[in-house]
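Please look over the model below before reading on.

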Amino acid sequence: MKKKHILWIFLLTAIVATPPIYQRLSEAHRLKQIKTVKHEASQINAIPLKNFLGQLKDTSPQKTLLVLYTGSTQGHLEPCGCFIGQSGGLPRRATAISSIRAQGFLPLLVDLGGILPTKEPKMKESVLSMATSPNDATAETLPVNGVHPLDQLRTQKVLESMRLLKYEALVPDKTDMNFGEDFVTDTLAHQEFPLLATNTEELTGNIQSVLMRTMGDKKVAVLGLSSLPLQDTKLTVLSHLLPEIQKQADFIVILSNLSPEANRTIAENYQDISAILSHGTGEAEKIGNVVLAYSGSNGETLGALLLNTDDVLGVTAQQIALTEEVEDDPQTRELLQDFYKQVTDNPQLQAGGERLFSNEALEQDTLSGYVGSQACATCHRKEFDQWAHTSHATAFNTLLTVGKQFYPECVSCHVTGFRYETGYQIGNQERKELVDVGCETCHGPGKQHITTPLTTNIRGTVKLQVCMECHTPSHSPGFAQIVEHVMPEVDHSRTEPSLKEILEQRMRGPMKPQVELFVMSFCPFGVQAEEELLPFIEKYGDAVDFNLRFIANLVEEPDSEESKFTSLHGEVEVIENLRQIAVSQLYPDQFFDFLLCRAKHLKSAWTQCAEKLGLDIDKINKEMESERTKRLFEVDIQRSEALGIRSSPTLVVDGKVISGGLWRGKVSGICR
């Protein structure tokens with residue numbers, strides 16, 4: 001009988017425990033699948049810079065001619081930052097080139113053209129529709145000649161960076177006439193670096209037909225075959241020119257932005273050429289004796305061609321990855337910061353960007369209007385609360401973090417109703433309720449629906465193509481493969497996620513999640529929150545950006561130049577706040593240990609915890625009085641005021657307050 005009872009207890013325990021265990025295992029599998037697919041989809045076929053520099057250590061600068069090449073940059077100043085592991089950007093390119101030069105090499109630096117911004121067909125159609133749409137707020141700002149001032153400025157910055165990096169040649173591409181023929185003849189042809197245009201005699205200015213470089217007793221000749229309509233694309237020039245060049249050079253390298261077919265034909269017919277560097281993307285290959293390699297696109301990589309001048313002449317080509325492991329060059333980063341500042345200060349530059357969902361019926365309806373997600377919460381509270389904990393609800397914060405909140409090409413996918421008359425407008429403080437990817441981004445403008453709730457004036461079921469407007473292959477690689485795994489995160493019927501699920505979802509994004517715990521240092525519930533959360537946060541290490549912030553008040557003293565801090569629990573709490581800030585600055589690696597020690601001994605002398613951890617008491621006391629500590633305290637107060645936070649403890653992730661039910665655990669109340 002006893003065994004029977006034990007068996008029943010075992011079975012009942014299994015029945016109760018199995019669903020939660022299965023749910024946890026299922027969730028772990030889902031997150032792993034997402035992480036794996038996104039990682040594989042974002043991989044770039046290129047060698048890390050540090051590996052390439054390692055190869056150069058075994059290569060003699062005196063016996064190697066090195067050609068560094070770029071092409072098809074298409075106005076990309078740096079990656080959009082939409083996912084982790086993106087490669088490219090002018091500041092990283094500059095660092096890579098300077099690192100190679102620091103190894104004692106004097107590379108020939110060239111570009112295969114295609115520097116102007118281009119638009120995808122969908123975006124071109126969107127721009128055309130914007131010019132005539134009655135529901136568009138910016139039709140009047142579109143340029144008449146088709147070249148937006150923002151594109152002109154981007155191109156200017158690309159050219160400035162090329163001058164800083166001391167490019168030695170550029171082969172003009174047919175896409176470089178997107179601004180008109182005058183851009184090539186009046187701008188490109190008059191840069192400090194020459195245009196390399198072997199197959200033309202019509203261009204005037206700083207033009208060269210052949211570029212020669214000597215290394216020891218070896219010479220390399222570089223030719224440029226351009227796809228400009230002005231050029232001789234029949235390539236008869238090679239038949240006349242190559243025999244003479246072969247007498248002068250040991251290597252012949254052709255930079256070509258002709259079609260892939262034309263480049264292959266050249267390689268097959270002129271086997272004395274060492275290499276053809278082509279624009280676009282593709283795997284390097286050998287056609288007979290000729291190496292055919294590609295520049296890549298959007299500035300994602302830096303091409304490197306090595307010509308060995310030893311007894312056995314060898315030619316190799318590879319792409320160098322410009323991922324986040326490559327630090328930004330300060331001078332080029334300053335160039336980009338100036339670009340973003342100009343965009344911030346000039347409304348005309350903010351007038352671009354794509355208007356999403358322009359083919360959808362609700363967005364085309366002139367009676368439609370955007371009202372903000374908060375308006376939806378009245379009738380759809382459960383759905384609103386579920387949305388509030390998703391990455392969509394903090395989308396705009398990612399732009400604020402990197403200073404791109406005025407950059408239209410980024411803003412369009414991080415706000416609601418961008419470029420619509422009632423939608424989000426850059427810099428318009430009256431439209432703050434439309435920041436982030438709100439309810440109406442997926443379900444359509446809701447003005448008519450909140451007045452007359454009908455299934456016909458809102459998108460109840462969201463089609464996949466709506467998601468794909470922003471989650472494109474270039475912004476969300478692998479999204480199509482993992483869509484079934486990510487959809488549960490935006491399923492409004494889903495139970496509230498845990499804090500762990502929220503953080504791990506955010507960690508898939510381009511930046512670390514920003515976690516802020518707002519407390520009053522002498523609030524017992526704030527102390528409970530520290531004991532609850534700090535060990536949990538510590539497991540994530542550097543993957544999470546954590547800040548402990550203090551809730552207090554800043555009072556301007558009428559008869560003093562200094563301000564006075566006040567707090568709910570009196571002067572003793574103000575002093576403790578300053579002390580903990582001082583410890584965070586002096587001993588960041590031991591800060592959590594100090595907080596947890598104080599949590600257990602808050603009514604005892606703080607020096608006990610300091611001595612236990614080996615902290616310098618005098619140093620802490622001195623730091624408490626410093627202007628740095630006081631300024632950080634002011635920052636905490638300003639931050640809590642900006643978010644309207646008055647309750648200790650309050651947890652904020654990426655600028656959004658997290659519901660206490662998702663994390664409080666043993667925290668039994670609040671101080672207010």
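The numbered points below go from basis to cores, then to the helix and the strand.

1. This is a predicted model: local features need pLDDT of at least 70, side-chain atom pairs count only at pLDDT 80 or more, and totals for chains, interfaces and linings use all residues. Residues are numbered from 1 along each chain as its sequence is written, and side-chain values use heavy atoms, with hydrogens and water left out.

2. The largest nonpolar core has 58 residues. A nonpolar core is a set of buried Ala, Val, Leu, Ile, Met, Phe, Trp, Tyr and Cys residues joined through side-chain atoms within 4.5 Å. Buried means under 20% relative accessible area (1.4 Å probe, protein chains only). Phe52, Ile100 and Ile115 have the most contacts inside this core. Another core, of 43 residues, lies apart from it and includes Phe550 and Trp606.

3. Helix α22 (residues 591-600) has seven of its ten residues buried. Helices (H or I, at least four residues) and strands (E, at least two) are DSSP runs, numbered from the N terminus. Among the buried residues of α22 are Phe591, Leu595 and Arg598. The buried residues pack against α20, β16, α21 and α23.

4. Strand β9 (residues 251-256) is largely enclosed by the rest of the structure, because six of its six residues are buried. Phe251, Val253 and Leu255 point one way; Ile252, Ile254 and Ser256 point the other.

5. β9 pairs in the parallel sense with β8 over six bridges and with β10 over four. Pairing requires at least two DSSP bridges between the strands. Val220 has Phe251 as its bridge partner, and Leu255 stands opposite Leu277.

Key. Buried means under 20% relative accessible area, exposed over 50%, partly exposed in between (1.4 Å probe, protein chains only). Contact means heavy atoms within 4.5 Å.
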